[in-house]
Protein chains: 2
Amino acid sequence: MSLLTVGTVAFDDIETPLGKADKIVGGACTYISLAASYFVKHINLVSVIGDDFPQETLDLLKSKGVNLEGLQIKEGEKSFFWAGKYHDDLNSRDTLDTQLNVLADFDPVLPASYQHSDFVMLGNLTPAVQMRVIEQMNGTPRFIAMDTMNFWMDIALDGLKEVLKKVDCLVVNDEEAKQLSGERSLVKAAEKIIAMGPKYLVIKKGEHGALLFYDDNIFFAPALPLAEVFDPTGAGDTFAGGFIGYLAQSGDLTFENMKRAVIFGSAMASFCVEKFGIERMKNLTHLEIKERVARFVDLVNFDAQL
Amino acid sequence: MSLLTVGTVAFDDIETPLGKADKIVGGACTYISLAASYFVKHINLVSVIGDDFPQETLDLLKSKGVNLEGLQIKEGEKSFFWAGKYHDDLNSRDTLDTQLNVLADFDPVLPASYQHSDFVMLGNLTPAVQMRVIEQMNGTPRFIAMDTMNFWMDIALDGLKEVLKKVDCLVVNDEEAKQLSGERSLVKAAEKIIAMGPKYLVIKKGEHGALLFYDDNIFFAPALPLAEVFDPTGAGDTFAGGFIGYLAQSGDLTFENMKRAVIFGSAMASFCVEKFGIERMKNLTHLEIKERVARFVDLVNFDAQL
């Protein structure tokens, strides 16, 4: 099935306790599309860049089956830029610089060939832009998932709530879920968020795994314990890309398959953090992914003998 | 099989975002013994209290099959007392008061009937006291587990390292594992700690679950997502009690059974936090425990279809 991906394609400056990388390729939609490309062959990307973006990365995306017809390239303008520095525990980071550039007046336009995409992953962007994408869909996609962030809850909560009514699944981290719901407990937060619209909720807890909520069901996927995390940047988007990619590949929206999608998303994220930026996501093999998922099975597998 | 439990039997003042309780019964050995009592029938408790401790709690312990022959009661003295206040997220707390009282010069004496206990759980105490207990064992117990805390790493690291050489399993939280090893990554921390002596290492991560390390194997047990946590006090000791109790009941030290023991420990801890102090641990049924473990199975169960 086809997958529409929306979000930033951008540059990052990243500093972690293990190193520093300047002006490397990043952006939510880059990570989402790369991760999803290991599962689904028709990816329709919607984003905007300046004329400073490397052709090499565009070629990489194309080689992975990512359709760039919906990627706007603004001549004489610069791509979105973010600079951040991670704290020693890698669980928190400071934003050092944000330059919106081409993103400041981004108006997503869906080519006709995108408008019947079966699955949609709305990366973190202004709720108004996310809504503009949904409005351009011709017919109802089988499944729309979205990401968002605290910033939009602070300055565009009403718009965010409108988008939430239109999607099937929200994918956020624990702090975002707490802020959106006003609840300390993730169980209570999930109840409130699901009442806002999405039937499914995924709460990412970074190195502590991820929770999937649906109806009265809760599924927990661990994160793989790693000896070394080089760079957490993009791990959440990579998770989202693996998750939606796995779903789009199978077209199966049962809870059992959603659980598998969360595990495959977690597996993809565990690769992402092993190197800086998108490096590790460029050339994975299906065997590597399969072996990684097998480690998740071993990690949580037990026989309760009840 | 028989289980020897060592640690504090004490009073706590506790304040959490949901309430306050003054001078309620607590102490590591109280929680450990109560949790273990649902699995193993012969528990030999070693501790010390003043003459201020309620007979009702001693009767409760006796009714659960806990042998109090090794409980010293110091006439005219006061029991150990701790006061703490939890932060809003319940993940951290401030100690408001610590009164060692009878604990200041505690010299554990093992009655002859205790000296052949098959399993041993050394609750958090001065390493010197933990060592005194091990030295009094007549013959080699099948399995010794121990807890400790940052405080002993600060002031009695050498003594702690001596005890570590004598035990089969260390049960600590993530911050303690990081401090003891000097490693940021729990995988690297585990490697270093296992090189210090214990074959098995359990790292508790509170609401984020627990990891079991053995050889090249890692097992992860989630914590049950709860709508409301009333009081985290004693959850770690209750985990340890359920863990060692399950092992002592079965006498089975295979890795498969250790994994089950971690799940049963996690299930017991999930009960503990539902009420203040030891309240919830007084009258559990085996059916409740079984149903709770079944929820852990549901929580992490998936079919990877690899």
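Two strands pair if DSSP finds at least two bridges between them. By that rule, chain B holds an open sheet of four strands in the order β3-β2-β6-β7, with mixed pairing. Strands (E, at least two residues) and helices (H or I, at least four residues) are DSSP runs, numbered from the N terminus. This is a predicted model: local features need pLDDT of at least 70, side-chain atom pairs count only at pLDDT 80 or more, and totals for chains, interfaces and linings use all residues. Residues are numbered from 1 along each chain as its sequence is written, while chains are lettered from A and ligands numbered from 1 in the order in which they are written.

**The sheet in chain B**

- Strands of a sheet pair through backbone hydrogen bonds, either parallel or antiparallel.
- The edge strands are β3 (19-26) and β7 (93-99) of chain B, each pairing on one side only.
- On average, neighbouring strands of this sheet are turned by 15° against each other, direction ignored.
- β6 (residues 81-86) of chain B runs antiparallel to β7(B), and six bridges join the two.
- B:G84 has B:T95 of β7(B) as its bridge partner.

**Helix packing in chain B**

- Helix α9 (residues 255-272) and helix α10 (residues 286-300) of chain B have axes that come within 9 Å and cross at roughly 110°.
- Axes here are lines fitted to C-alpha atoms, for helices over the stretch in contact, and angles run from 0 to 180 degrees between N-to-C directions.
- From α9(B), the contact uses B:I263, B:F264, B:S266, B:A267, B:S270 and B:F271; from α10(B), it uses B:I289, B:R292, B:V293 and B:F296.
- Residues are in contact if their C-beta atoms, placed from the backbone, lie within 7 Å.

**Positive phi in chain A**

- A:N101 is not a glycine, yet has a positive phi of about 50°.
- A:N101 sits in the loop between β7 (93-99) and β8 (119-122) of chain A.
- A:N101 counts as partly exposed because it has 19 C-beta neighbours inside 10 Å (20 or more is buried, 12 or fewer exposed, in between partly exposed; C-beta atoms are placed from the backbone).
- A:Q305, also not a glycine, has a positive phi of about 50°.
- A:Q305 lies in the segment after α10 (286-300) of chain A.
- A:Q305 has 9 C-beta neighbours inside 10 Å, so A:Q305 counts as exposed.

Technical notes:
Contact = placed C-beta atoms within 7 Å.
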